[in-house]
Amino acid sequence: MKRVRIPRGTKIPNFWSLSRYNKWRGCAYQYLLESILKYRAPPSRAMERGIAIHSKFEHLLLGNVTGMPDELSSLGKEIKNLLRAKAIPEAPWTLTEDLKKTHPKDWKGAWLRAKIDAHVYFEDDGELLIVDLKTGRFNVAQAQMDLYAAMSQFYYPVVKNIRVELWFSDQGEIHGGDYSLQEAKDLWKRWVKRAKDMLSDRKFIPSPGPACKKYGGCPMRSDKKLVDGRPGPCEFWKKVK
């Protein structure tokens, strides 16, 4: 696959997030188009629904909602436990490259950004619970669990056990894993290497494959429309048999 030409003067980001990394790893060309060149596709119904449910989850934990929303009723018992524990919703975990905590609006210094749907630290036990709410299909995001565990050491440096859980609201199921502080530190070394590989990429090689057509297809495909009405810029998907 030939190297993709990047317009002169294009500013390459020096920060990353899990969603950016996943996009780059899946297809570096899609990452270039969406995250760097800022091509915008219309939001999908699944995305809009997910945003709405996450908003209800946040306001429920903040005490701004009375009663359990129907979309979250399958996790009602677990959510009530979070309320009793005074869990913190929508925490913006943001680190600089030298691994210092920084403000989420630090547009110059931020190197890694993450949004934690809910978490609670049980100081007496030294245990941290991290919750990520999932809407739609059941899909265990192991990489996300590992990254959140790895990041937690910078926010809770004396934690004894890190519990990361994925809560699937449509299925009413929970998938979780436990990590020690040492495991979090070991995982962090791997993530630093992955981040460096991503941020140093200047080729952005397309990787056409099943993902181009899966679940409705990549939004950058030439047969789809962007927000401004133009067709998507990617023709590589046509090579997928």
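This is a predicted model: local features need pLDDT of at least 70, side-chain atom pairs count only at pLDDT 80 or more; totals for chains, interfaces and linings use all residues.
Reader: How is a pair of aromatic rings described?

Author: Such a pair is described by the distance of the centres and the angle of the planes. Rings of Phe, Tyr and Trp (its six-membered ring) pair if their centres lie within 6.5 Å; planes under 30 degrees apart count as stacked, over 60 as edge-to-face and the rest as tilted. By this rule the count comes to eleven aromatic pairs. One of them is the edge-to-face pair of tryptophan 16 and tryptophan 111, with 5.8 Å centre to centre and 80° between the planes.

Reader: Where in the chain do tryptophan 16 and tryptophan 111 lie?

Author: Tryptophan 16 is in strand β1 (residues 16-17) and tryptophan 111 in strand β3 (residues 110-122), 95 residues apart, so the pair links distant parts of the chain; helices (H or I, at least four residues) and strands (E, at least two) are DSSP runs, numbered from the N terminus.

Reader: Why is the pair of tryptophan 111 and tryptophan 188 edge-to-face?

Author: The ring centres of tryptophan 111 and tryptophan 188 are 6.4 Å apart and their planes stand at 75°, so this pair is edge-to-face. This pair also links distant parts of the chain, with tryptophan 188 in helix α6 (residues 181-199), 77 residues from tryptophan 111. One aromatic cluster is formed by Trp16, Tyr21, Trp24, Trp111, Phe154, Trp188 and Trp191.

Reader: Which charged residues sit over rings?

Author: A charge sits over a ring if NZ of Lys or CZ of Arg is within 6 Å of the ring centre and within 35 degrees of the ring normal. Arginine 137 lies over the face of tyrosine 215, 3.6 Å from the ring centre, and the charged end of arginine 221 sits over the ring of tryptophan 237, 4.3 Å from its centre.

Reader: How many residues of helix α5 are buried?

Author: Helix α5 (residues 142-155) has 14 residues, and twelve of them are buried. The buried residues include Gln144, Asp146 and Phe154.

Conventions. Residues are numbered from 1 along each chain as its sequence is written. Side-chain values use heavy atoms; hydrogens and water are left out. The expected span of a helix is 1.5 Å times one less than its number of residues. Buried means under 20% relative accessible area, exposed over 50%, partly exposed in between (1.4 Å probe, protein chains only).
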